[in-house]
Amino acid sequence: MFPNQNSNSNSSPMPDASRDSRGQEASGGAVAHARRKMLIVQRRGLHHQGLVPMNSEALAATVAAMPGVEVLKVHPSHKHARRMASHPGEATERYSVHVDAHQVEQLRQSAPPHLIIEEDHPLRYGDKHQHLAPELHTLSAYAASGQTPVPQRILLVLQGPDGRPVDNAQVILTGDSYPSHGLSDASGQVSLELLQTTPGPVRSLLIIPDKSYWNAYLEQLVLKADQPNVITLVPMTEPNPRVPPQVPLGWGQQLMGLDLVPATATGRGVKVAVVDSGIDSSHPLLRGVRVGQDFTSSNPEGWRQDQIGHGSHCAGVIGANPMGVQALQMRGFVPEAEIHGLKVLPGGQVSSLLEAIDYCINHDIDVVNMSLGSDQVSEAVNQKLEEAAQHGVACIVAAGNSGGAVQFPASSIWVLAVGALGLQGEFPPSAWEARQILPQAVSPEGLFAPKFSCFGPQVAVCGPGVGIISTVPGGFAPDSGTSMAAPHVAGLAALLLSDPTLAARLGPRGPGRVAALFHLLRLLSSPVLAHDPENRLGAGVPRLHNLARVLG
């Protein structure tokens, strides 16, 4: 979520006209490598350390006196920030600044203990390219040895079983050297340069359609350079034809018991925020999403544009509403909830995430779905997540797709971390998902912990996250990741909060309600594996089947 970023600026004390309202650069240049974008935030809880917090004037003066620092923007905090202050007049705003690169470490060392000083890293989501085929990001032994690969031009023709061309599919071809990337055209064709030091089968071919079909991950495939190579993709209705939008519920929603819910339980009155890549509100099943904000640009309608489909997929699991739509049956957990599309991807930074969390507090959001993560921890974000929990905002976060330790912010104690769960038979053998089954982590029912899902003590529960079919711009598509698991749990959490009886038992809005909701989700969980030493699945998958038992 937070890789390194360098930015361009001069060292004037205030933003100049060359920047837009969000502090972005108007032009590049050699100077861009000499500046870093940083965040300066006052650390809360200073009174416990015997320190008096700075007021706004003192904070502004401290920042202005820092060498090599240029203020880009001063961000106000949320509406309840003053209530959380431990001292009258305590500064609650945060600063986005540019700092001379050679002075960053000195600034951190010399800053008073009152302040958090962090790099404003770019955000990222669980990019499918990263966990679909990790070898695509590493050089083969041949490439590393320095041998010269021989290029060949390979023509691929992508089609469905009916011969219909598959356009706009991402294709990555890897020989025994560097991978080659391309996008299929309207005729389903893509021409790629295959780099191999020795003739023979290709190392791998990865095809990622944007909708309607499963991905294909093929290894040791023989391709010919002198003729078209036809690849037939598997439609998302195979091997299971009873999937959305032909039927209302996906396998994951059925596993969690959404089929037990009366038609009148629609989530009305609950507010859910999807902090992601935006939501395509023109989709027939997402037209009920009417409010949001783009934290990556100044476009007031930018949140409606989902370039990567990630946020729309999550939003469909949570709130797809088939009412009034013929032939499309898919239903989310809370189709009548008030869903807010908060866009922080692509192009957002840590400051964008902080703004999005402030938005959730300001708008009294009940449940937040976050499907993003990083190996790096942000103290500023962790502090903001605590503020959200204190004000009744329940943040449910994907554990991560790196196959290692739980990523941040799922590792924060202020959120509920969700791992991914799969079900055998819900995807074709040619799909990458078929290679993600951990043999030692399969239940008698065919449920399994996938290899990509992060694990560790922070994982609270798991959710269906392998081969999940949901809404994307222009249609529907299967996808996999803890990014898909988190909205299952967030949707269920919103459904529970919408029930007046349950809501009364969980208590009034505040930190107690968040804690009670997280505890209830754990109590509702059915263990998947008898033995889960790495804690990939937490307490198990929350199921409405257990509600009567839990409530006594």
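Student: Which residues does I154 touch, not counting residues up to four places away in sequence?

Tutor: Contact here means heavy atoms within 4.5 Å, and on that basis I154 touches L173, V190, S191, L192, L194, L223, K224, A225 and N229. This is a predicted model, in which local features need pLDDT of at least 70 and side-chain atom pairs count only at pLDDT 80 or more, while totals for chains, interfaces and linings use all residues. Residues are numbered from 1 along each chain as its sequence is written, and side-chain values use heavy atoms, with hydrogens and water left out.

Student: Where is I154 placed, and is I154 buried or exposed?

Tutor: Helices (H or I, at least four residues) and strands (E, at least two) are DSSP runs numbered from the N terminus, and I154 belongs to strand β5. One of its contacts, S191, is 37 residues away in sequence, yet the two C-alpha atoms are 5.7 Å apart in space.

Student: Which class does Q440 fall into, then?

Tutor: Q440 counts as exposed because its relative accessibility is 59%; this residue sits in strand β18, residues 437-442. Its C-alpha atom is separated by 9.2 Å from that of H531, which is 91 residues apart from Q440 along the chain.

Student: How many helices and strands are there, and what part of the chain is buried?

Tutor: The secondary structure comes to 12 helices and 24 strands, and buried residues make up 57% of the 552 residues in the chain. Among contacts with a separation of 6 or more, 75% are between residues 24 or more positions apart. Helix α6, residues 310-319, is mostly covered, with 10 of its 10 residues buried, including H310, H313, C314 and V317.

Student: How should I read the nonpolar cores, and which residues have the most contacts inside the largest one?

Tutor: A nonpolar core is a set of buried Ala, Val, Leu, Ile, Met, Phe, Trp, Tyr and Cys residues joined through side-chain atoms within 4.5 Å. The largest has 85 residues, and I396, L496 and L521 have the most contacts inside it. Helix α9, residues 482-498, provides the largest share of this core, 11 residues. L496 touches L502, A503, L517, L520, L521, L524 and L544, leaving aside residues up to four places away in sequence. There is also a second, separate core of 38 residues, which includes L354, Y359, V368 and F408.

Student: How many cavities does the model have, and what lines the largest?

Tutor: On a 1 Å grid over the protein atoms alone, a cavity is a set of points where a 1.4 Å probe fits but cannot get out, and lining residues have an atom within 4 Å of a point. Of the 18 residues that line the largest cavity, R44, T92, Q383, K384 and E387 are the closest to its centre. Strand β1 (35-42) and helix α8 (379-390) each supply at least two lining residues, and α8 gives the largest share, four residues.

Student: Which backbone features deserve a careful look?

Tutor: Most residues other than glycine have a negative phi, and most peptide bonds are trans. N168 has a positive phi of about 60° although it is not a glycine; N168 lies in the loop between β5 (150-159) and β6 (170-174), and its relative accessible area of 35% makes it partly exposed. N535 likewise has a positive phi, of about 55°, and is in the loop between β23 (525-526) and β24 (541-542). The peptide bond from P244 to P245 is cis, with omega near 5°, and a cis bond also joins F408 and P409, where omega is about 10°. P409 is found in the loop between β16 and β17.

Conventions:
On a 1 Å grid over the protein atoms alone, a cavity is a set of points where a 1.4 Å probe fits but cannot get out, and a pocket is an open set with protein on both sides within 12 Å along at least five of seven lines; lining residues have an atom within 4 Å of a point. Buried means under 20% relative accessible area, exposed over 50%, partly exposed in between (1.4 Å probe, protein chains only).
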